[in-house]
Amino acid sequence: MKLMSFHHSGRDSFGAVVDDTVVDLSAASGSTTLAEFIAGPSFADRDALVEKGNPLPLAEVVFLPVIPQPEKIVCSVRNYMDHHQEAIAAGLKRELSDFPPIFLRVWRSQVAHQDAIIRPNVSETLDWEGELAVIIGRGGRDIAVEDAWDHVAGYSCYNDASVREFQFHAKQIAAGKNFEATGGFGPWMVTADEIEPGRELTVQTRLNDEVVQSGNTGQMIFSIPQLINYASTIFTLTPGDVIATGTPSGVGFSRKPPRYMKPGDVVEVEIEAIGTLRNPVEAQK
């Protein structure tokens with residue numbers, strides 16, 4: 001099932017995408033947000049709830065980030081070997097780690113499907129990073145690797161867009177990853193029962209219809225269960241938390257000459273079995 005957050009008739013809600021409609025599930029489920037829904041008992045009865053929900057034309061709703069205000073957005077760094085190698089070739093001195101390198105994004109850095117990614121006025125080095133996002137359904141602390149799949153509610157597309165100039169100001173990279181309205185998240189979440197655990201998915205990023213990244217989740221250095229295990233060692237994971245699992249090679253800063261997104265561009269992240277996240281790029285006003 002595809003689940004999305006949206007705005008319609010002056011209010012925020014969530015629902016299930018069915019053909020060219022979205023079935024509003026808020027009233028039928030008794031939940032006000034998608035994160036609340038996947039945390040509660042009615043999530044298991046979502047198929048039956050669709051029959052009770054109110055269908056709205058998909059063209060009439062405004063997409064919101066899949067989880068508009070997650071408590072945590074945990075992002076994995078250099079989790080594809082080819083991306084790690086291209087970063088080294090571009091002059092970054094980064095060693096492989098025995099543990100997953102991670103950082104946190106804030107929810108205000110996110111934008112929804114079809115919304116504009118904003119290039120800040122302070123830098124022209126806005127880069128793309130297409131990634132698979134994992135949405136946590138059942139929370140917990142110290143989640144074992146072998147139990148991790150049971151904690152996944154679903155999957156989505158993420159564009160962990162980065163202001164490289166600020167990312168490279170210091171070894172701590174979060175500055176370049178948290179500019180407001182830079183991270184695309186959507187268009188929806190595909191529930192975990194639709195995708196076999198560990199299935200290798202193609203991840204492709206396009207800039208103005210040109211393929212700039214093409215990878216496969218089977219190339220990850222640290223697997224989804226390993227990322228969940230490590231993150232839950234540090235944090236108590238809660239329903240609706242997001243784990244962005246890293247990007248394959250093909251980012252802009254590693255190119256010769258470097259290439260960055262600019263106002264007027266359109267960037268798309270397409271992931272097999274999930275869908276396509278599309279965002280125009282605009283200048284900060």
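Student: Which residues of the largest nonpolar core touch the most other members?

Tutor: In soluble globular proteins, nonpolar side chains tend to be buried together. A nonpolar core is a set of buried Ala, Val, Leu, Ile, Met, Phe, Trp, Tyr and Cys residues joined through side-chain atoms within 4.5 Å; buried means under 20% relative accessible area, with a 1.4 Å probe and protein chains only. Here the largest such core has 38 residues, and Met4, Leu132, Tyr155, Ile228, Ile271 and Ile274 touch the most other members. Contributors of at least two residues each include strands S1 (2-8) and S12 (152-159) and helix H6 (224-234). Helices (H or I, at least four residues) and strands (E, at least two) are DSSP runs, numbered from the N terminus. H6 gives the most, 4 residues.

This is a predicted model, in which local features need pLDDT of at least 70 and side-chain atom pairs pLDDT 80 or more, while totals for chains, interfaces and linings use all residues. Residues are numbered from 1 along each chain as its sequence is written, and side-chain values use heavy atoms, without hydrogens or water.

Student: What does a second, separate core include?

Tutor: That core has 28 residues, among them Val23, Cys75, Phe103 and Met189.

Student: How many disulfides does the structure hold?

Tutor: A disulfide is a pair of cysteine sulfur atoms within 2.5 Å. The structure holds 0. For Cys75, the nearest cysteine sulfur is that of Cys157, 15 Å away.

Student: Are Cys75 and Cys157 buried or exposed?

Tutor: Cys75 is buried, at 0% relative accessible area; Cys157 is also buried, at 0%.

Technical notes: Buried means under 20% relative accessible area, exposed over 50%, partly exposed in between (1.4 Å probe, protein chains only).
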